[in-house]
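Good morning. Please have a look at it first.

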Amino acid sequence: MTSIWWIRRDLRLTDNLALHSALQTGSVIPTFVVDPAFESQSTRRKNFLYAGLNELDKELRKRNSYLVILKGKPVEALRKLFDETKSEAIYAEEDFTPYARKRDAFIKKILPLTLIHGQAVHHPKQVLKQDGRPYTVYTPYSKVWKVQYKKINLIPAPEKIDTPAGIKSESIPNFESSKHFPAGELEAQTRLEEFLHKKIYSYANDRNRMDVDGTSSLSPYLRFGMLGLRQTVSAAKQAEAQARSAEAKRNAEIWLNELIWREFYIQILYHFPHVAKESFNPALKNIPWRNNVEEFEKWKDGKTGVPIVDAAMRQLKSIGWMHNRARMIVASFLVKDLLIDWRWGEAWFMENLLDGDLAANNGGWQWTAGTGTDAAPYFRIFNPVLQSVKFDPHGDYIRKWIPELKDVNEKEIHTPWEYEIKISGYPEQPIVDREIVKERTLKAYNISKEKVSV
């Protein structure tokens with residue numbers, strides 16, 4: 001019997017439950033469909049995806065197999081392959097975005113598609129309140145998530161995959177590799193091991209420091225399933241168990257909590273798909289945004305005159321990734337300081353982030369904007385200068401991404417305008433006066449709340 005393993009966001013051989021299910025039937029055809037819908041994806045993310053497919057093909061060829069690339073609408077491409085190869089089943093890892101759910105429901109009516117849960121530890125329908133409703137607050141969700149957790153038996157990568165020879169395949173689309181984030185499962189596994197070896201036990205303090213390499217940097221690999229969330233969570237639990245002190249154990253648990261946040265946002269998008277387009281909180285759907293286009297462009301280009309904001313935005317544009325603390329700082333600045341719609345920022349992140357993921361990106365933006373589930377209070381407004389001093393105390397992160405400021409000392413680099421420092425090519429003043437920010441923002445948010453209450 002021959003089955004098709006339809007690869008979507010699971011570009012890995014280790015602990016791949018969809019692949020494992022297909023292997024139980026006999027011969028397997030590893031298949032990826034280049035969907036026309038990908039055209040709306042960012043060039044940067046497509047490059048990473050195609051580079052990852054190239055690495056996956058290399059690993060398959062070591063196992064008597066190879067990757068079959070199809071182009072076109074998934075239902076048409078798969079039906080043609082299914083008929084030509086006389087396959088009997090199609091296996092795929094279940095995906096939870098609105099597009100994926102709609103696509104898969106349609107295909108299941110036409111082809112014998114079996115969806116295998118494996119993208120997350122707990123299915124979005126599994127961690128629910130006693131009355132069957134989904135959680136909308138992280139802390140109680142995470143407590144029940146942990147209660148339901150059972151030790152994961154990871155499935156090793158298969159030593160051999162029998163794939164029929166001679167199946168027609170398109171070429172993998174051309175791509176440019178990222179030197180900062182080389183694609184593929186092997187790179188992901190290496191990064192995981194390096195993080196677990198040392199950095200995880202100082203994660204609590206280092207994760208917020210933008211001038212320190214204290215995070216796992218695994219998010220692009222988790223986004224495309226080059227590393228499975230099940231394996232990552234299992235590694236976090238193991239690190240927690242092996243910790244040699246209470247402090248080390250706390251560090252490992254904090255990293256686990258960050259992984260649980262990913263699943264929290266997956267289940268929010270699953271149960272409340274409208275969050276992809278509008279505020280989760282109905283009271284904050286009608287905020288009268290300023291939406292100043294010129295200010296938005298300066299934010300995108302890292303030319304706001306606030307060094308910590310500009311450094312983060314330039315890092316994003318340069319390498320397609322940004323430290324999580326930096327994401328919160330720039331998001332708060334856009335939404336609360338400039339009063340620009342969070343959806344503008346969300347779209348810019350999706351255009352540039354290698355790890356751009358609808359659930360996580362939307363969840364993060366709505367959290368910062370105060371419009372989402374379990375959000376930061378809408379009246380909380382980050383002070384970017386205080387954030388800069390606390391999380392880049394010596395200004396090393398700023399100097400790395402804003403070379404114009406490389407000679408400014410650590411006291412002055414956070415607020416050069418206060419010292420009347422003029423640097424050629426860098427704004428002399430921030431684009432917004434923080435003295436007016438809080439009153440202006442609270443007024444706009446209260447207008448939305450009042451509209452709902454009337």
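Is Thr-31 buried or exposed? Thr-31 is buried, because its relative accessible area is 0%. Buried means under 20% relative accessible area, exposed means over 50%, and partly exposed is in between, with a 1.4 Å probe and protein chains only.

A word on where this comes from. This is a predicted model, in which local features need pLDDT of at least 70 and side-chain atom pairs count only at pLDDT 80 or more, while totals for chains, interfaces and linings use all residues. Residues are numbered from 1 along each chain as its sequence is written, and side-chain values use heavy atoms, with hydrogens and water left out.

Back to Thr-31, which is part of strand β2, residues 27–34. Helices (H or I, at least four residues) and strands (E, at least two) are DSSP runs, numbered from the N terminus. Not counting residues up to four places away in sequence, Thr-31 touches Ile-4, Trp-5, Trp-6, Ile-7, Leu-67, Val-68, Leu-70, Leu-78 and Leu-81. Contact here means heavy atoms within 4.5 Å.

Next, the cores. A nonpolar core is a set of buried Ala, Val, Leu, Ile, Met, Phe, Trp, Tyr and Cys residues joined through side-chain atoms within 4.5 Å. The largest has 125 residues, and Trp-255 and Trp-299 have the most contacts inside it. Helix α10, residues 246–271, supplies the largest share of this core, 13 residues. Another core, of 18 residues, lies apart from it and includes Val-68, Val-75, Leu-78 and Phe-82.

Now the rings. Rings of Phe, Tyr and Trp (its six-membered ring) pair if their centres lie within 6.5 Å; planes under 30 degrees apart count as stacked, over 60 as edge-to-face, and the rest as tilted. There are 23 aromatic pairs in the structure. One of them, Phe-48 with Phe-224, is tilted, at 5.6 Å centre to centre and 55° between the planes. Phe-48 lies in helix α2 (residues 43–61) and Phe-224 in the loop between α8 (219–223) and α9 (229–242), so this pair ties together parts that are 176 residues apart in sequence. Both Phe-48 and Phe-224 are buried.

Tyr-138 and Trp-261 are stacked, with 4.0 Å between centres and 5° between the planes. Tyr-138 is in helix α5 (residues 138–148) and Trp-261 in helix α10, 123 residues apart. Tyr-138 and Trp-261 also belong to one aromatic cluster with Tyr-135, Tyr-141, Phe-264 and Tyr-265.

On a 1 Å grid over the protein atoms alone, a cavity is a set of points where a 1.4 Å probe fits but cannot get out, and a pocket is an open set with protein on both sides within 12 Å along at least five of seven lines; lining residues have an atom within 4 Å of a point. Grid points are joined across faces, edges and corners, and a volume is the space filled by probe spheres set on the points.

The largest pocket holds about 1,100 Å³. It is lined by 36 residues, and the closest to its centre are Glu-258, Trp-261, Asn-324, Arg-327 and Met-328. Which helix gives the most to this lining? That is α10, with 8 residues.

The whole structure has 4 cavities of 30 Å³ or more. The largest cavity has a volume of about 170 Å³. Among its 15 lining residues, Arg-9, Gln-119, Leu-222, Arg-262 and Ile-266 lie nearest its centre.
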